Amino acid sequence: MSSNCQKTILAIIRATKPASPSGNLSSKYIFNRFNGPSICPTSFRSYSKKVKEAKQKVKDLKSEIKTDNEGNLELVDLDKLREKMDKVIHFLSNELLSIRSGRANPGLISSLPFKSKAEKAKRLDQVATISAKDAQTLIVVPFEEDSLSNIEKAIRNSGLGLNPLTEGSAIKVPIPRQTNEDRQKIIKALNQLTESTKVQIRKHRQDINKQLKSKEKAVSKDYYKQWEKDIDEVASEYIEKIDSSIKLKIKEIEKN
């Protein structure tokens, strides 16, 4: 390239770019005899530094992730996820036991809260034995006879529509037969319970997916997708348990 051509290029650059404090061409540019002005190598050094920092972050992230017995990275704890979802199912089971099906079932009143003056609140089955005398009658026998009246009151005020009767040292609890209207109301309530329980399962899935997302850059795309799939399979398993439990309860109600 001729000397005159070089001078012309430099003049154009000075006219369009601010000069450095020294009055020379901005330090961002150098002159390349083959291609004219180009980016200074310092820009590449800055970029290289950022790449190294990003790689180090990924390396640090991998070091924080646990491995299984085969050396595979465990991005999230599926066992803990199952424990949380098991608690949801346990709660659902207790709720289903407390719903009247038209037949005498000790679970209907076993979890009712009972509180005496001297003790903290307990479940009814912690202060008395509860059994089914026949298809329409429950028998409650308190461990302490002086708690008879308080237990009867707890059953009567439970909101279950029961009218217990004290007979000697025991309490008889007649279970009224359900009308079609009663059944429809209960089934509607069960459908609502189904949805609220599924919401809890989905919430746990959402929480663990957030944990998984934070480790996405530490593994390959395929490995990450497999963990997403595993989480979805666990959640689906518990959703099926909910549906199965509710269907059995509805069948029980419709039968009686």
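## Ser147: a buried loop residue

Ser147 is placed in the loop that joins strand S8 (137-142) to helix H5 (148-156). The structure described here is a predicted model. Is Ser147 buried or exposed? The relative accessible area of Ser147 is 9%, so this residue is buried, given that the term applies under 20%. When residues up to four places away in sequence are left aside, Ser147 touches Phe114 and Pro142.

## The protein as a whole

The protein consists of 256 residues, of which 29% count as buried. Its secondary structure comprises seven helices and 10 strands.

Among the contacts with a separation of 6 or more, 59% are accounted for by residues 24 or more positions apart. The protein exposes about 17,300 Å², and carbon and sulfur atoms supply 51% of that area.

## A negative surface patch

Which residues form the negative surface patch? The patch is formed by Glu74, Asp77, Asp79, Glu83 and Asp86. Helix H3, which spans residues 78-97, gives the most to this patch, with three residues.

Asp77 is a member of the negative patch and lies in the loop between strand S4 (73-74) and H3. With a relative accessible area of 36%, Asp77 is partly exposed, because this value falls between the 20% limit for buried residues and the 50% limit for exposed ones.

## A positive surface patch

A patch of positive charge is also present on the surface, where Arg103, Arg177, Lys251 and Lys255 gather. One of these residues, Arg177, is found in the loop between strand S10 (170-174) and helix H6 (180-213). The relative accessibility of Arg177 is 66%, and therefore Arg177 counts as exposed, the cut-off being over 50%.

## Gln178 in the loop between S10 and H6

Gln178 is likewise found in the loop between S10 and H6. Why does Gln178 count as buried? The reason is its relative accessibility of 8%, as a residue is buried under 20%. Arg177, by comparison, counts as exposed at 66%.

What does Gln178 touch, not counting residues up to four places away in sequence? The contacts of Gln178 are Arg100, Ser101, Gly102, Arg183, Ile186 and Ile253. Of these, Arg183 and Ile186 have numbers within the range of helix H6 (180-213).

Key: Residues numbered from 1 in each chain as written. Predicted model: local features only at pLDDT ≥ 70, side-chain atom pairs only at ≥ 80, totals over all residues. Heavy atoms only, no water. Helix = DSSP H or I, 4+ residues; strand = E, 2+ residues; numbered from the N terminus. Buried < 20%, exposed > 50% of the residue type's maximum accessible area, 1.4 Å probe, protein only. Contact = heavy atoms within 4.5 Å. Patch = residues over 30% accessible without salt bridge, like charges linked within 9 Å, V, L, I, M, F, W, Y side chains within 5 Å. Areas by Shrake-Rupley, 256 points an atom, 1.4 Å probe, with all protein chains shown as cover. Salt bridge = Lys/Arg side-chain N within 4 Å of Asp/Glu carboxyl O. Lys, Arg positive; Asp, Glu negative; His and termini not counted. Charge placed at Lys NZ, Arg CZ, Asp CG, Glu CD.
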